[in-house]
Amino acid sequence: MSTNSIALRLSGMFALVALLVFMLIGWALYLQVDKGLGLLPEAEVDARYSVLESAVQRYGTPEHWAKINTKLKLLSEEDKRLRFWVVSDNPTYEFGDPDAEIRAFAKGPLGMRDLNLSGHDYPFKVLVSQFPAKDQRPPLRFLTAVDTETFWQTQHSLLVALISLAAVGILLASALGYWVARIGLKPLTELSLEARKLTPPRLSGRLKLSHLPPELDQFVTSFNSTLDRVEQAYSRLESFNADVSHELRSPLTNLIGQTQVALTRGRSAEHYFEVLQSNLEELERLRSIINDMLFLASADQGSKATQLTQASLAQEVAKTLDYLDFIMEDAQVQVEVRGDANAPIETAHLRRALINLLHNAVQHTSPGQLIQVDIRDEGDHVSIGVTNPGAPIAGEHLPKLFERFYRVDASRSNSGANHGLGLAIVKAIALMHGGTVFVRSEDGVNTFGINLPS
Amino acid sequence: MRVLIIEDEEKTADYLHRGLTEQGYTTDVAREGIEGLHMALESEYAVIILDVMLPGLDGYGVLRALRARKQTPVIMLTARENVDDRIRGLREGADDYLGKPFSFLELVARLQALTRRSGGHEPVQISVADLWIDLISRKAMRGGVRLDLTAKEFSLLSVLARRQGEILSKTSIAEMVWDVNFDSDANVVEVAIKRLRAKLDGPFEQKLLHTIRGMGYVLESRRVD
């Protein structure tokens, strides 16, 4: 499969979003804690020092100093992180066995400083303070130190905790995301199951809108309207196939039957001649139906009129009337042409459409009556309407008149040259030109026509 | 006149052979492409009738190989009537193109069009039995009496007279008289023939305009038995 499922994709996106959110929060949290933790050792040192400061300042005798020593020792034992060093010229007034390293450090500037002692991974935060001489006591350097290792470790474990929490969070988000997406996509799954049931010949079903989330409304509506069109096309095709078989069946029956009858016994040459001629007539009928259907099929397949020339429609109508002249005289009908317009047309095709339209009108006009041809320029298109006085056509038939083999009177079997494709061919020719057909029946006149893009 | 038919469909090849022979052509038949191409290259033919769907080498292949060496006129036959095929056939050098189902009369007409000597002069006057036609002044007389014909009736008569003795289908008459080259539901030709016949043959003993049922019409003087 070239594309991942929507659920998988969504869960991946959830994971990405979670990663981003966790990273932001974790980073902010870490910065905040880091800032707080960084200040903690100094605060601790300050607090310890402020407790001791006044006592150290006040006491100047060895007896008093012993008390301070005890206090410092107690404090150091109580909190292993704490260290005190007192450095002076007199060993009595010293504390914490300061070695050369400490002494050197103690000589440095006063204030808060970092001291790296060998054997310790992390530095000590040290407050170096100075006390002037008092009584017997020489001036002192007093070092209050706290080991920062625990603070650093806290910071480290916080980082680890944040990262692992984030990892768990991301996993959880993508897993839950997948689950949520599956639930969210359930209507789609149901929809596709429903759609799968809609196959020919069960095309009449439609997808239901009621239980669907509004996001799918549009999809279902357009899917359903596609189905409408497919169903129409399908049923047209079905009835077309039935009509075709019917139309081909009667000439074939004649052909087979009369040939068999002729062959059952010896016949005169004239009889065979007769049969062959009749066969030829039936065969011509078949050929004509097949040619018309091939023409319609090529129009169905989207064949377009290509050899377009700009032509006067009135002239085309005049040429058509010239062709139909004898027929009109026989039928004793007159034709009046009104208006003119120019349009790009494929003349042979348009001629065929006009012949069919006019012949159709002549057939349905009583002797002595007038057929009108109206050519109008409607701006973006031109229209040719052929109007003849005739019996009104019921509204139900109107939209179907341009369909293949459609006959208003279903029982009218027509064995002549007229095989019910004339108006269908008119429609096909209109489509090939990018145009449409129209039909109206009102006030005792019927109008069949064609609109062509100008 | 020699005609080569390259067609694998047996019935088609047989009736073409018989029909064209009866029309006065000398016909050879090839049942497949390579054999047909060989015959076309080895002998001289006036026209080649070439089917598109052939075993071995198809019609287009035959045509291409033939055109590399010879310009014998070719009429292509095909069951697939779509515009692309038509354009392809003509581009490859076919001189004419007929889609199946075609009528035999149509094929004969196309054959004659291809073999008719160019520059042949059209007659200006034609006579059939006691019928006399002047194509320039557009007059027709029969038995010394002027026939009162409309312009269309005269066109129809002259089309039939120019091809006297030749059966003309309704389609080719419609094409020659009205420039309508497709079947239509309207039986214009029948009506026109009926009118012409009334004026041409109505008052006379000897009939000149004959209907060949299912095929068309012919203008000729037949011996009265």
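Two strands count as paired when DSSP finds at least two bridges between them. The legends below use the word in that sense, and the model they describe is predicted.

**Figure 1. Hairpin of β10 and β11 in chain B.** Strand β10(B), residues 209-212, and strand β11(B), residues 216-219, are paired over four bridges in the antiparallel sense. B:Thr211 has B:Tyr217 of β11(B) as its bridge partner. Three residues lie between the strands of this hairpin. B:Gly214 in the hairpin adopts a positive phi near 80 degrees.

**Figure 2. Four-stranded open sheet of chain B.** The strands follow the order β6-β7-β8-β9 (chain B), with antiparallel pairing. At the edges are β6(B), residues 125-128, and β9(B), residues 145-146. Each of these has a single partner strand, so one side of each is left without a neighbour in the sheet. Strands of a sheet pair through backbone hydrogen bonds, either parallel or antiparallel.

**Figure 3. Pairing of β7 with β8 in chain B.** This view takes one pair from the sheet of Figure 2. Strand β7(B) covers residues 131-134 and strand β8(B) covers residues 139-142. Four bridges join the two strands, and the pairing is antiparallel. B:Met141 in β8(B) is the residue opposite B:Trp132.

**Figure 4. Crossing of helices α6 and α8 in chain B.** The axes of α6(B), residues 151-162, and α8(B), residues 188-200, come within 10 Å and cross at roughly 85 degrees. Angles of 65 to 115 degrees count as roughly perpendicular, so α6(B) is roughly perpendicular to α8(B). From α6(B), the contact involves B:Lys152, B:Glu153, B:Leu156 and B:Leu157. These meet B:Ala192, B:Arg195, B:Leu196, B:Lys199 and B:Leu200 of α8(B). By class, the contact of α6(B) with α8(B) comprises five nonpolar and four charged residues, with no polar residues.

**Figure 5. Contact between chain A and chain B.** Chain A contributes 25 residues to the contact and chain B contributes 20 residues. On the side of chain A that touches chain B, at least two residues come from each of α7 (269-300), α8 (313-331) and α9 (347-363) of chain A. The largest share of that side, ten residues, belongs to α7(A). By class, the side of chain A that touches chain B has ten nonpolar residues, eight polar residues and seven charged residues. For the model, the scores are ipTM 0.75 and pTM 0.63.

Figure 6. Chain B has eight helices and eleven strands. Of its 225 residues, 32% are buried. Among contacts in chain B with a separation of 6 or more, 55% are between residues 24 or more positions apart. Mean pLDDT for chain B is 85, and 93% of its residues reach 70 or more. Within chain B, confidence is highest in strand β1(B), residues 2-6, with a mean of 93. Confidence is lowest in helix α4(B), residues 83-91, where the mean is 71.

**Figure 7. Chain A, for reference.** Ten helices and eleven strands are found in chain A. Chain A has 454 residues, and 24% of them are buried. Of the contacts in chain A between residues at least 6 apart in sequence, 67% join residues at least 24 apart.

Key
Residues are numbered from 1 along each chain as its sequence is written. Chains are lettered from A and ligands numbered from 1 in the order in which they are written. This is a predicted model: local features need pLDDT of at least 70, side-chain atom pairs count only at pLDDT 80 or more; totals for chains, interfaces and linings use all residues. Two residues are in contact if their C-beta atoms, placed from the backbone, lie within 7 Å. Ala, Val, Leu, Ile, Met, Phe, Trp, Tyr, Cys and Pro count as nonpolar, Asp, Glu, Lys and Arg as charged, and the others, Gly among them, as polar. A residue is buried if 20 or more other C-beta atoms lie within 10 Å of its own, exposed if 12 or fewer, and partly exposed in between; C-beta atoms are placed from the backbone. Axes are lines fitted to C-alpha atoms, for helices over the stretch in contact, and angles run from 0 to 180 degrees between N-to-C directions. Angles under 35 degrees count as roughly parallel, over 145 as roughly antiparallel, 65 to 115 as roughly perpendicular and the rest as oblique. pLDDT is the predictor's confidence in each residue, from 0 to 100.
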